[in-house]
Amino acid sequence: MKLSDPELTTPCLLLDRARLERNAARLRQRFEGTGTVLRPHLKTVKSVEAARILLPTPKGPATVSTLAEAERFAGAGITDLLYAVGIAPQKIARVQRLREAGADLKVLVDNEVSAKAIATEAGASGRAIPTLIEIDVDGHRSGVAPDDEETLLQLAALLDEADCLAGILTHAGESYRSRNREEASRHAVAERDDTVRLARLLEQNGFPCPIVSVGSTPTALTMSEPEGVTEVRAGVYAFCDLFQAGVGVCGVDDIALSVLTTVIGHQKSRGWTIIDAGWMALSPDRSTASQPVDRFFGLVCDEAGVPFDDLVVSSANQEHGIVTAWPGSDRPALELPVGTRLRVLPNHACATAAQHEAYEVLGPSGEIEERWPRFGGW
């Protein structure tokens with residue numbers, strides 16, 4: 001189907017398969033021959049078909065951010081899974097059901113309550129649950145502080161007694177504040193060094209630490225020496241987005257995802273072109289606002305995906321987007337006739353994709369060749 005086909009309803013989510021495959025290959029090749037495994041994070045794609053392109057084997061390994069993802073992917077045969085969000089004790093029974101059904105699902109803790117709940121369930125059932133301890137290397141989110149060795153060892157003892165200790169994990173979330181590749185690379189070094197140091201501390205105290213898991217897209221794409229790291233997780237790299245381009249770890253021409261939209265009107269006195277994609281289609285994410293170049297609600301492209309470098313969706317209502325020249329641009333108001341098809345590149349691929357139920361997959365000709373369903377939920 002052509003993008004201009006009147007039967008194609010807009011807004012809709014387009015996925016350039018060639019760019020997805022290129023992005024997947026780029027990160028895969030960074031770790032080939034290093035002894036470090038790539039464990040793609042499927043929270044971005046939330047699609048079995050897209051996951052197949054990212055994963056090294058039909059079974060994984062893969063990372064998920066919800067148990068709903070774990071259930072859907074396990075049902076499709078992707079069974080080597082890591083649930084990389086701290087486990088709530090109330091969810092442990094659901095984890096056990098997945099494991100009993102054949103999924104090798106690992107979980108994450110950073111506190112005594114959750115660790116005790118894991119250990120208690122494992123002891124009562126006689127079925128261990130492989131569990132990683134989360135480390136907060138940069139004060140970004142959850143996890144044990146890297147200088148809190150006492151808590152780390154206490155959690156390790158609780159889990160090891162129940163034969164559940166599988167290793168440690170961190171997410172260098174502060175890498176998303178990087179302004180260039182060099183800054184992202186420094187975050188990658190700090191992430192690796194702290195995590196490997198704590199893995200050695202566990203081993204020196206007699207605890208097993210077979211998994212040393214790190215990851216974020218900026219650090220994965222700039223990590224040069226993963227020595228001591230057993231696996232790297234990343235998700236946004238599959239699609240890339242304007243935020244990652246602003247960090248400097250990809251280019252705009254690497255962005256595989258866009259929202260197809262249609263011009264529905266104008267406010268000529270204001271220099272506005274109105275489109276049928278508001279924040280319900282583009283997402284309300286304004287993450288590039290913190291970067292030197294603010295892309296507002298997304299960078300505007302023509303129907304073929306070629307960017308108008310200084311046209312952005314400058315504001316958005318629920319179902320309306322307003323296209324204007326980027327503030328400070330010398331471009332005169334662009335006359336885009338009603339009915340014109342445009343594409344908008346996303347600030348944050350995960351957030352934009354989450355607004356849609358399927359990908360319209362573009363082939364080499366630039367036409368839609370397949371439709372891949374997405375799913376959500378927790």
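Predicted model: local features only at pLDDT ≥ 70, side-chain atom pairs only at ≥ 80, totals over all residues.

Biologist: Sheet, then. What is the strand order in the open sheet of eight strands?
Modeller: The order runs β2-β9-β8-β7-β6-β5-β4-β3, and the pairing is parallel.

Biologist: Which are the edge strands?
Modeller: They are β2, residues 37-40, and β3, residues 62-64. Each of the two pairs on one side only.

Biologist: And how many degrees are neighbouring strands of this sheet turned against each other on average?
Modeller: The average is 25 degrees, with direction ignored.

Biologist: Take β7 and β8. Over how many bridges do they pair?
Modeller: Three bridges, in the parallel sense. Strand β7 covers residues 165-170 and strand β8 covers residues 211-214.

Biologist: What stands opposite L169?
Modeller: S213, which is in β8.

Biologist: Which residue forms a salt bridge with K106?
Modeller: D104 does, and the closest N and O atoms are 3.2 Å apart.

Biologist: Is K106 buried or exposed?
Modeller: K106 has a relative accessibility of 10%, so it counts as buried.

Biologist: Next one. Which side chain meets D193 in a salt bridge?
Modeller: R192, with an N to O distance of 2.9 Å.

Biologist: Why does R192 count as buried?
Modeller: Its relative accessible area is 15%, and buried means under 20%. D193 is at 38% relative accessibility and therefore counts as partly exposed.

Biologist: Last pair, R371 and E357. What is the N to O distance?
Modeller: It is 3.7 Å, and the two side chains meet in a salt bridge.

Biologist: Where do R371 and E357 sit in the chain?
Modeller: R371 is in strand β17, residues 368-373. E357 is in the loop between α11 (349-353) and β16 (358-362). The two are 14 residues apart, and the pair links distant parts of the chain.

Biologist: Buried or exposed, R371 and E357?
Modeller: R371 is exposed, and E357 is exposed as well.

Note on methods: Residues numbered from 1 in each chain as written. Heavy atoms only, no water. Pairing = 2+ DSSP bridges. Helix = DSSP H or I, 4+ residues; strand = E, 2+ residues; numbered from the N terminus. Axes fitted to C-alpha atoms, helices over the stretch in contact; angles between N-to-C directions. Salt bridge = Lys/Arg side-chain N within 4 Å of Asp/Glu carboxyl O. Buried < 20%, exposed > 50% of the residue type's maximum accessible area, 1.4 Å probe, protein only.
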